[in-house]
Structure formats: C-alpha cells, structure tokens
Amino acid sequence: MPADSETFFQFHDHRFAAIVGSTPVIELLAEHRDYPFAHEAGVFLPESNTLYVTSNRCTGPGSEQRVHITRVDLNKRPVSYEEVLTDIPMANGAINYGKNDILFCAQGSMTQPSGLYWLSTTSYKSELLKGDFFGRQFNSLNDVVVHKDGSVWFTDPIYGFEQGYRPPPRLPNQVYRWCPSSGNIRAMADRFGRPNGLCFSPDEKVVYITDTDRVHGDGTIDDMRVSSM
C-alpha cells in the first residue's frame, strides 16, 4: 500500500494491517519547542494511560549534556506532560518492568555509571540494578527488552564516549543477557559494530538487533560499516 499525504504509512507486508488497521493515521499529541523531548523509550502504561519518553541529548547549564524523561498523560485532549526528575543519568531506551515500573537504560556520565535503572512511576524513586560486567563498567547502555523467562537483554555501544560524556570504553560493543533472579550475566554477541535497538519475535525464540555502526557518535559517517538488522 503506497504512502499518501494523509496516512504517512507504507505497507510492505499485508500482515501489518492486522496491527495498525487498514487506514492508519498519524496524530500529533504533544510537542516541545525548546528541545526534542520524544526521542527514545516510548513506554506505555495501560492502567494509567500514560506514556514515558526520553529526550535526545540536550545541553544544560555549563554546557553539561543531559537527557530529560517526560511523562505524557493521554487521558484528555490536549494531552499534558511533565518532566520526571530522577537520578537516572542520560536515560535512553526503556521497557515496562512490572505493573507500574519501568526499566531504563542509562548511558551514564563521567561520574555516574551506565547501567539498568529501575524507576517507580508512583514515587519516581530510582535504583541502579546492574552497572557492570564482572567489575568493568558498561559503556553506554542503549536499549533493553525483557524475555518471558524474566531475563533482561540489552545493548551496550560506545556512543557515550564518542559524544563526550563517558570515559574511555572498558568493554567491547556487546549484547548482554542478565538474569535478575540468579544474578547471572553473559555477553551474547560481540561482533556488532554498535548494537542499538532490539526486540523479540512473537514467540520470543529469536532476538532482532539493529547495528548502527555506519553512524558514529561523533557525527561521522562511515559508509564501509554496516547499518542493518
């Protein structure tokens, strides 16, 4: 189905209609004119009908880089939104983690570790759950999914170092599987250039991972590197 000015969608497989319907439309719900507030995460909580998003990198006071977490209330039109104040450093990808909680990938800073941070959406209390691989700090966690067996899969490229807010890498660009119940963690893939987004197939037997190695964190483009899934 070709895209047109009303839908902005392209159907490359007819089965996509089972997800979005035959005539999907795009509606602008909220925008922030001061900074790009809706960049990553996109975690929806059905019970409260709210959406949590993370911004792109922003420059704060003293040229310090930061990322904003925003809660979008979808219960009325126009929607309202508010910034969530937490100790999660440079949040990026995220996933539902329990009824009212969210698991964030924090890219970290020069003084705070990158890792998996738990956030309560009722109190906005946060906690670092996993911040190292056998004693070595992660680079800058990017995205995360949770398997039905409870294991947490996440990607860890070196973008934070390339963008100037993380120290030199101590680990390769890798994909990890962490089991919170046992504490076991394993590097599941180590040949990605810059592993980025990831998701499971419907039966959760396959994990799909994007590699954005073509675009480096310092803005340079290397057309000899991959940009694929």
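Contact here means heavy atoms within 4.5 Å. Before we apply it, note that this is a predicted model, in which local features need pLDDT of at least 70, side-chain atom pairs count only at pLDDT 80 or more, and totals for chains, interfaces and linings use all residues. Residues are numbered from 1 along each chain as its sequence is written, and side-chain values use heavy atoms, with hydrogens and water left out.

Start at T54. Leaving aside residues up to four places away in sequence, T54 touches F37, A38, H39, E40, A41, V67, H68, I69, A91, N92 and F104. T54 has a relative accessible area of 0%, so it counts as buried (under 20% relative accessible area; exposed is over 50% and partly exposed in between, with a 1.4 Å probe and protein chains only). A polar atom of the T54 side chain lies 3.0 Å from the backbone oxygen of N92.

Now widen the view to strand β2, residues 50–54, where T54 lies; strands are DSSP runs of E with at least two residues, numbered from the N terminus. Four of the five residues of β2 are buried. Strand β1 (residues 40–45) pairs with β2 in the antiparallel sense over five bridges, where pairing requires that DSSP finds at least two bridges between two strands.

Next, the rings. A search of the whole structure finds nine aromatic pairs, meaning rings of Phe, Tyr and Trp (its six-membered ring) with centres within 6.5 Å; planes under 30 degrees apart are stacked, over 60 edge-to-face and the rest tilted. W153 and F200 form an edge-to-face pair, 5.9 Å centre to centre with 85° between the planes. This pair links distant parts of the chain, with W153 in strand β14 (residues 152–156) and F200 in strand β17 (residues 195–200), 47 residues apart. Both W153 and F200 are buried. Elsewhere in the search, F133, F134, F138, F154 and Y176 form one aromatic cluster.

Finally, what of the cysteines? The structure holds zero disulfides (a pair of cysteine sulfur atoms within 2.5 Å). For C58, the nearest cysteine sulfur is that of C105, 18 Å away. C58 is buried at 10% relative accessible area, whereas C199 is partly exposed at 36%. The C199 sulfur is too far for a bond because the closest cysteine sulfur, in C105, is 14 Å away.

Terms used
A polar contact is a pair of N or O atoms within 3.5 Å; within protein, one must be able to donate a hydrogen and the other to accept it, and residues adjacent in sequence count only if both atoms are side-chain atoms.
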